[in-house]
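Morning, everyone. Please have a look at the structure on the screen. I'll begin with the ligand and then step back to the whole protein.

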Amino acid sequence: MPTKAQAILKTVFGYDDFRPLQEEIIRTALQKVDALVIMPTGGGKSLCYQIPALIFEGLTVVVSPLISLMKDQVEQLVELGVNAVLLNSSLTQEEYSRNRNRVKNREAKLLYVAPETLLKPDILSLLTSIPVDCLTIDEAHCISEWGHDFRPEYRQIAGVRNRFPGAVCMALTATATPQVRKDICQNLHFQNHKEFIASFNRENLFIQVVPKSNALGQTLDFLKKFSGQSGIIYCFSRKQVESLAESLHAQGYSVRPYHAGMSDEERKENQELFIRDNVQIIVATIAFGMGINKSNVRFVIHYDLPKSIESYYQEIGRAGRDGLRADCLLLFGIGDTQKIRYFIDQKEDPLQQQVARFHLDSLVDFAESRECRRRPLIRYFGEAYEEENCGMCDNCTSSGQKELEDITIPAQKFFSCIYRTGQLFGSAHIIEVLRGSESQKVIRHGHNNLPTHGVGREFSAKQWGHLARQFIREGYLTKDPAYGSLKLTPKALEVLGSREKVFGALQEEALEYGRGKEVSEAYDKTLFELLRRQRKELADRANVPPYVIFSDKSLVEMASFYPQSVQSFMRMHGVGEAKFAKYGALFLNTIRRYCMEHQIKERPKQRPLPVSRPKPEAAPKPRHVEVGEAYNSGKTIRELMAAYEVKLPTILEHLYKFYQEGYKLRAEELQALSALPAEAQQKVFFVFDKLGTQRLRPVFEALGGQVAYEELHVLRLYYLNR
Ligand code: ADP
Ligand code: MG
Ligand code: ZN
């Protein structure tokens, strides 16, 4: 017997399952116990008060800081057939009194108000004359001076709370810091309240960090995969926003800028065009995003370094609210960090300096890390992340550790050329000298007479550029933030003196986008396009954003199950009664026609698609367990490679993961797999004894790069299981 809340979830919202914590939060509200709810952006906070609002007899008042947010929420609710209204300063007098009357007549179930509107005497007396069951404070961090968006009016909400003795209070935010949490509870005089803190892991976001080399080219390359799909590109400065928007426009993209230097109207127009899918891409400074509920943002690119881990996470959080896969790309420029460090050094206030350094260091750690991207991100929010491999970040999906080459000789050439030119020049000039250029600048400085002139012709300028960036990244060189000249660090002197070797990649790796998993089933792209076009037409006619009619996820389900009867259509994600009554026939017709033309049969939707984490009992065995058990039962590694159609490193990865979960592996075959003579194996084991087995890179380096990574993977497994 489903509870009332469950029934509403399906009939009104069209969703099959609650997300984690939603059900408990709803139950708490129904018991009239105050609650503080902390969930990441896109986590599903709205439902937590909207469902109780539909169960309560009286009104639910929702305080919200932004007019655009209120409008968006009310539009979505009205589409769902819910009686919701808003009151704020943007309404005409007629609209205002019409909405006011609907509250007074007790027609409205939800009232969205701006805080200053709530405090108006006439609104207060109106609200005290009718039963109010719930007072919701959305974006509750606005109460706290420690939040990133303090609003003084929010402080006064507490003062009106006791006017509604029968109302339970629910405060919601995506800001998790303890200080903000404490401020919220104190300000609202919470006593005996409950706190709910959801996981900050957003599983459907693919997270990728790439060294910035040619930012525009990298962006264009990335965009190829997202033809016609919505996305946001964040830049540091207004100037950068303008110029990138222009470049993309010149390349034929549908794009608009957004930054604080534009007029309110311009910004509003561009935001609206984006929300309505009339414009594909917004290039923006961080001023963009608050108040955006658009659920089908498929990518977020950080063209420049974000301000902090927290703002980075907020910004990528705007992608993939519908639960489908979304891609997040951070272009990480070593030059950018050096510039920021330079600015930090100029700051006068030592505390400010310290805070800024902390934020930058955490970001750099995150960007340079070779472990799962989710670990540092989620750890930052005070949550442990236990998963070994998330399958949805660049580090977890890369094919094992990169093979590093010995690049000591080119490094020595490069460093020596820097030294001989007095550490006064940037990499472009150094590369010219190395490649034997006779340019004016080279001749003018007499650099054509240096012994390093022309000793680097074996590499292209591009390849040298790639090497130079690695030298900077690995701390052999620093770049003067003001002039760009390169300086040698003590580490580089060790290399020049042949006391240390350098390992790295000679060739720039081709960027790979789109690894990781699709979060939905494979779907029919042609049908999806048809449905998407239909949705756009309907949305324009109703003057609402397309995702308000159906989310991308709903269309994806329709285009993978081909529902052709009313019953099966009702089973689709996001199809509740109101939406069905309004749009069901139209969409069903399109699907039926398409299926008839292509002779496609309906596919049954048995279980709901996993919205977030698959339930443990329903989950199939993870691949590494399958592989590990098969191996232990006697299958050879070659057989496993054939059975799963994968290469050796993948099998080794599975086995290692299996081992890490506490299983032992048959050892003898592992040893046989090694190509090294016993004596050399002993040497490797000796280094494992000394350095441990957690990370292979130090082991690789300690062995002077003599033993290949693949070999180390094999021997580590043997070493651990012998
Ligand atoms: P936020 O926490 O940022 O306020 P929202 O409440 O706007 O997030 O929800 C984000 C998206 O997730 C919305 O499109 C919403 O309809 C969807 N959503 C919320 N709960 C569920 C659920 N249980 N099943 C499916 N989709 C959900
Ligand atoms: Mg919200
Ligand atoms: Zn990962």
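An oxygen atom of ligand 1 sits 2.5 Å from a side-chain N or O atom of Tyr15 in this predicted model. That is a polar contact, meaning a pair of N or O atoms within 3.5 Å. Next, Asp17: one of its polar backbone atoms is 2.8 Å from a nitrogen atom of ligand 1. Then Gly44: here a backbone N or O atom is 3.1 Å from a ligand oxygen. The protein covers 88% of the 570 Å² of accessible area that ligand 1 has on its own (Shrake-Rupley method, 1.4 Å probe).

Who else is around? The shell has 16 residues, each with a heavy atom within 4 Å of the ligand. Among the closest are Lys45 and Ser46. By class, four are nonpolar, eight polar and four charged. Gly counts as polar and Tyr as nonpolar in that scheme; Asp, Glu, Lys and Arg are the charged ones.

Now the whole protein. It has 35 helices and 17 strands, taken as DSSP runs of at least four residues (H or I) and at least two (E). Its radius of gyration is 29 Å, close to the 27 Å from the globule rule for 722 residues, so the protein is as compact as a globular protein of that length. The radius is over C-alpha atoms, and the rule is 2.2 Å times the number of residues to the power 0.38.

Two notes on conventions. Residues count from 1 along each chain as written, and chains are lettered from A, ligands numbered from 1, in written order. Local features need pLDDT of at least 70, side-chain atom pairs 80 or more, while totals for chains, interfaces and linings use all residues; side-chain values use heavy atoms, without hydrogens and water.

How values were computed. Polar contact = N/O pair within 3.5 Å; in protein donor to acceptor, adjacent residues only side chain to side chain.
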